[in-house]
Structures are given as structure tokens and as C-alpha cells.
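Good morning, and thank you for the time.

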Number of protein chains: 2
Amino acid sequence: MQAIKPIIWDGEILQLLDQRMLPEEEIYIQCRSVSDVVGSIKDMVVRGAPAIGVAAAFAMVLAARQITCADAGEEAAPVSSDGLLEHLEEAAAYLKESRPTAVNLSWGVDRMLGLTRRLRDASPDKILKEMNIEAENIFREDIDCNKKIGDWGAQLIRNGSTVLTHCNAGALATAGYGTALGVVRSAFFGGKKIAVFANETRPFLQGARLTAWELQKEGIPVTLIVDGAAGYFISSGAVDCIVVGADRIAENGDTANKIGTYMLAVLARENSIPFYVAAPSSTIDISVSSGEDIVVEERSADEVTAVRGTSLAPAGIEVKNPSFDITPSRLITALITEHGITFFPTREKIRQLVREMKGPKDILPK
Amino acid sequence: MQAIKPIIWDGEILQLLDQRMLPEEEIYIQCRSVSDVVGSIKDMVVRGAPAIGVAAAFAMVLAARQITCADAGEEAAPVSSDGLLEHLEEAAAYLKESRPTAVNLSWGVDRMLGLTRRLRDASPDKILKEMNIEAENIFREDIDCNKKIGDWGAQLIRNGSTVLTHCNAGALATAGYGTALGVVRSAFFGGKKIAVFANETRPFLQGARLTAWELQKEGIPVTLIVDGAAGYFISSGAVDCIVVGADRIAENGDTANKIGTYMLAVLARENSIPFYVAAPSSTIDISVSSGEDIVVEERSADEVTAVRGTSLAPAGIEVKNPSFDITPSRLITALITEHGITFFPTREKIRQLVREMKGPKDILPK
């Protein structure tokens, strides 16, 4: 069951579903080089922390192909393993710069680099072959991981619930299936009656264009609202819980996610409904102590002042366009990873989660 | 100093600045009849509670002209005063239906009706003449009232402050000057260093198109952000206070205002900054006990799924588009009217405000 395929890999070309064109058109961008992938990440052809991580892993294979394979579009001179590794280190640095907040990008690149360093003594052909296997593993593991997140999270969703979500933490944000929407999928296809409110998620409208499209496509009831209307529906009792994804989770549980997430967490607390973060454990970055240390990407003013070429604001207006905000862990009811459910995440619980990678010892609600 | 003129009246034709076309084009719609004005209110050519109230008052004059003046575009048969009054009662009912939430609309219409009822024994010509004077008074009083609101409110704005506002409670939302932006104007032109964050205010983008334009035009520093980014800037300490307008204030102080206002009040409380509502006392509706009794207008899905003809969402998607939300009075730091500042509004304080119409006895902060 993978109706929606944001990332297709055939061993030579990485095809990325152009998410800027959805829902009107389903077009794939063909990436043959690292710079093709970097461009696609920067321009949000591919977006969503896990999907960026997977795309970056394949980009590392493309980087290797570029200097080892004559068919890769460049004149490939015979290269040594050392030369290949040097080239890959450069490609890794280039990839990591493409978007600063989502940690899965670094995670995917570093996992590929780690493999190549271990294979330093192997032939370039062997390294390339193993890289291809590793990237495909990362792809498959992401889907498996999402399904586990979905199945854990579904236990938190009561039959008859209305779930509010923000941005797109769906199949389109991952290799497939989704994190926050994975929870929705598992609950829905597990037989529960579920409805979703999707925040449109300005400025890039991932909710309107992607989440609405994805859920509509699979027959999951979805209602689109503007971001400012979330409070209206939450306070009127129409929302039972909020589930969002994450771009980076600090060691203390503070979570960076799409701009607008923090206000939902505050509204959830004010109105006594649970606020859940669903994300693979690769989103946890224990090198970051708290949310204050997370770099928040600022994107172009154009995203705010125009939509698809249609101007929305006076010329020359000053704009601030932070792409993410930080939700403090004290506002998070539970963190849902592939390892289980961590209620009221704290530094200690997240350290344990990362250390054991077996899941927290919290008891699930009956 | 009335650089921005949303409403122009020459005694025969009501010209409304078409706010759907701003900021690109400054075009006036010529209204010669009640139905012209009703159409303009419904389609948001004119919007903002006070501006709608003023436009509706002039619409009543147009209604009278339609059956008393041969030059008003209809074949005006001689009409009796009773016939005129009957016609005006019908026009009033028609006008009041055009938008349900803003109370100023009913207020403006009822004030005109009250005048005509008192003049029942006068000639149709006399009634028309007095109606014209009354509507012009309503127009002038609105601007005077806004300036008083501005001057009271400015006392709450410290030098060097950054004020966040939502929607457009500016000159464009009133006869001129504005309520929330009246406070900003009074503070700014009173010599204080002020900067404004303007929420773009989806779906109709009054912040991006109107507030940004209005402030830019007068040289008041303004930064445009998406609605979901308000929490980011509030929690990071970049916002000193929030000032918004109101469409209807219940007797207990609960306030209906543009969708997205409630979340700002919750964010203000969470982050310990003041949340101010600036509105003329005509916005208070003591016939409504609390926010629960305020009718919230639902507008068309098209406002959410498309911007100026550009589609933003998949075809056939379910949409909810409430135009307002209710901020409970417990989240309101102060209500600023032309009569003064009512800190922590309660039913008792609002009853007193309405009864005395002299302003509450609260002491201003030093």
C-alpha cells in the first residue's frame, strides 16, 4: 500500500514528485546529480524532514556515480577510493547546507558517509554498490518506521475522534506513509472513525495543497481551514487532539516544526486537549540541548507576498518569514516514535530513548 | 489628516474604495442604491465593523433618495412620509442581513431608523434632509471617536514598542483613522518610536493587503508575517503588546473579531504580554450576554481554496470558513473605547460603560 510515491529510485536517477505543483499536477523532477537534489531541497520540490533525509541519502549515491560511472553524464576518469571518499565528503557538506533546520538531512548524509568511511579499503565499485544498498535500506526503513509510528500513535486516537494537523507530515513528507498522517492512517485503516482538520499552513500551503490532497486521495475525511481558525475549532470542542510532525527534537524534548505549530500547542494546553508529536527517532538531535539552540531557517519574503505569481501585499513591504518555530517540551503530551510513546518528554526520557532505542517504559493508556 | 478615504459621500452617490483590489489598484465603487451597498458589504468592497456601520447609514439615505428624488435613477412617484418610512424599514431589514456578526451595521441602521421615526410627521423632503445630516454626523463622529480611541490607547503604548495587530482595524475599516491602527497612529504621530507586526490574516488577507498598505503609506514601520508566525515572534520577546479591533462585544466583554484573534489572546496570556481590544462603544451589544450568543458568520469556501483566481487546494475539498472567533473577556487586558480604558472588562464594568457613556473609572498606568 504505497499509493503516494514522493521519491522513486531506479539505481541511476532519483525522481522527486514536484510538491510545488501539487495538487494540480503530478510531475516528477529527474535528479542525476547532487546539485539537482540540492536545488530540489532548497526549492521545496521535496520537503518534510524524513523525505529530505531519504533524498539526501540517494543524493550521496548520485555523487558517487558522478565520478565513478561513465553513464552518469560526466566524463568519469578512473578514480581511487580515496578520491571517491574525498568527493563524497564535499558532496555531504554541500547537501547539509541546503536546509538548516531539519536534522534528518544531516542524519541521512552522515549515515551514508559512515558507511563509506568503513569501506575505505574497498574498491570504488564496491563502495558504490554498498552505498546503493544503504540508501535503499534508508528508504525502506523510513516507511517501516512510519508504520510503527502510526501503529503506536493510533492507540492514542479514540474511535470517533477529530484530529487536527498542521503542515504535511504525511506520505509526501517521508518515503511514504507519513508520521503525523501515519498515525491518522493507522487509526483509520485500523477501522476507527476518524476525521481530520488540516490547517492550510501558510506560507507554503502544505496543508491545503498536500495534506488535503493526500487524505482526499485515500478517502480519509478531511476539512481544510485557515491557520487562524484552529483556535475557533479547538475552543468550540470540535477537535479531540492535535498531531504534528517534527523537523528537529532537542535533547530536552523541545521540538522544531513548521511555523504555526507552537500556537497549536498553546491552544491545546489552554483547551485541555492532547498535543502529540510524531517523528522517527532520527529527528532527535541530542547534540542540541534545548530549543534555544536550534537554528530556525528564514526563507524568502516571496513565499509570503505572492502565491504562484499572484501578489498578495504591497510592493517593497518588509517581511519576516521564519520557516519553523519551537514548541517547548512542557506543552507536548507525548512524543510518538517508532520505538513507542514517550509521555511528557523530558531530557531524561529522551536520553533513555536514544540510549536504549527500545522505547520508553511508559505504560500506554487503556 | 485623512490620507486614506474608504468612504466618500457627496449627498447623492456613495463611493466605496474597493478593498478587494488593494493594494494594486485604488478604485471606487459608485453606490446609488441600497442594493449597491448591500452587494458591496457582502462582497467586502467595504469591510470592518465601523466602516460597515457608516456605509449602512449612507445606504439608508440612498434608500430614501430612491423613492423621493427623481434624479436617483428611479421614477420617483410622489411619496407620503408613511410610505417613505415603510420603505426605510424594509431597506433596514435588507441591510442588516448583509453580514451577521458586526453589530455596528445594525447600530448605524437603527440610528437612522430612530431619526426617521421621530420625524414621522415631517415632510418626505425634510426627512431626507435630516437623514443626510445624520449620516454625515455618523461619518464625522466615527472619525472623532477613532481619534479618541487612538489617544486613550496611545497611553498604553510605551516608546520603542512593537505592536502586533491582526486583520485591518485601520482607516480602511472605519470612516478614517482606525481603531487598533488609530492607537498605533496616535502613538506614532505623538512622537513615540513604534513598529508594527501585521498578521497577513487569511483568508481575505486584510493584514497583507490593507494594514501593510495603510501603514506603509504613512511611513509607520510595518513587518508582514503569516498568521502562524505570531507565536514565534511573541514567544521570542519581539512583541510588546497586541492591539486588535472588534466586530461585536458582548455584555460580559467576550469579543468577536476576525478569525485568528482568539489564538493571539491565548498566546499573549501564555507569554505575559498585554492584549488590547480597541473599538467604539457602538461595538458593544448589551443584548448579547456572552460570546456564546454571538452569531459567527461562515463565508464561502472559495476564500480559502483560491486567491484571486489562483487555486490553492484540491478540487472538491471540504472547507470550513468561519469569519470570526470569540475571545473570552478573561483574556483581554483592556478594552479601549472613545470613553477611556476599561482594564480587565467584566459585565459590571461594561454595564457601567454603556450606562454612563462617560468612561470607566479605572486609573491609567503612569
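This is a predicted model: local features need pLDDT of at least 70, side-chain atom pairs count only at pLDDT 80 or more; totals for chains, interfaces and linings use all residues.

**Helix packing between the chains**

Helix 9 (residues 261-270) of chain A packs against helix 9 (residues 261-270) of chain B at an angle of about 80 degrees, and their axes lie 10 Å apart. Axes here are lines fitted to C-alpha atoms, for helices over the stretch in contact, with angles running from 0 to 180 degrees between N-to-C directions. Helices (H or I, at least four residues) and strands (E, at least two) are DSSP runs, numbered from the N terminus. Helix 9 of chain A is therefore roughly perpendicular to helix 9 of chain B, a term that covers 65 to 115 degrees.

Residues are numbered from 1 along each chain as its sequence is written, chains are lettered from A and ligands numbered from 1 in the order in which they are written, and side-chain values use heavy atoms, without hydrogens and water.

Which residues of helix 9 of chain A meet helix 9 of chain B? They are Tyr262(A), Met263(A), Val266(A), Leu267(A) and Glu270(A), and they meet Tyr262(B), Met263(B), Val266(B), Leu267(B) and Glu270(B). Contact means heavy atoms within 4.5 Å.

**The sheet in chain B**

Chain B has an open sheet of 3 strands in the order 1-2-3, with antiparallel pairing; two strands pair if DSSP finds at least two bridges between them. Strand 1 (7-9) and strand 3 (28-31) of chain B are at the edges with a single partner strand each, so one side of each has no neighbour in the sheet. From one strand to the next, the twist averages 20 degrees. Strand 1 of chain B pairs with strand 2 (residues 14-17) of chain B over 3 bridges, and Ile7(B) stands opposite Leu16(B).

**Two buried residues**

Thr310(B), in strand 13 (residues 310-311) of chain B, is buried, at a relative accessible area of 15%; buried means under 20% (1.4 Å probe, protein chains only). Its side chain and that of Thr310(A) are joined by a polar contact of 2.8 Å, that is, a pair of N or O atoms within 3.5 Å, where within protein one must be able to donate a hydrogen and the other to accept it, and residues adjacent in sequence count only if both atoms are side-chain atoms.

Trp213(A), in helix 7 (residues 206-218) of chain A, is buried too, at 8%. Beyond four places in sequence, Trp213(A) touches residues including Leu22(A), Pro23(A) and Pro314(B).

Conventions: Angles under 35 degrees count as roughly parallel, over 145 as roughly antiparallel, 65 to 115 as roughly perpendicular and the rest as oblique. Buried means under 20% relative accessible area, exposed over 50%, partly exposed in between (1.4 Å probe, protein chains only).
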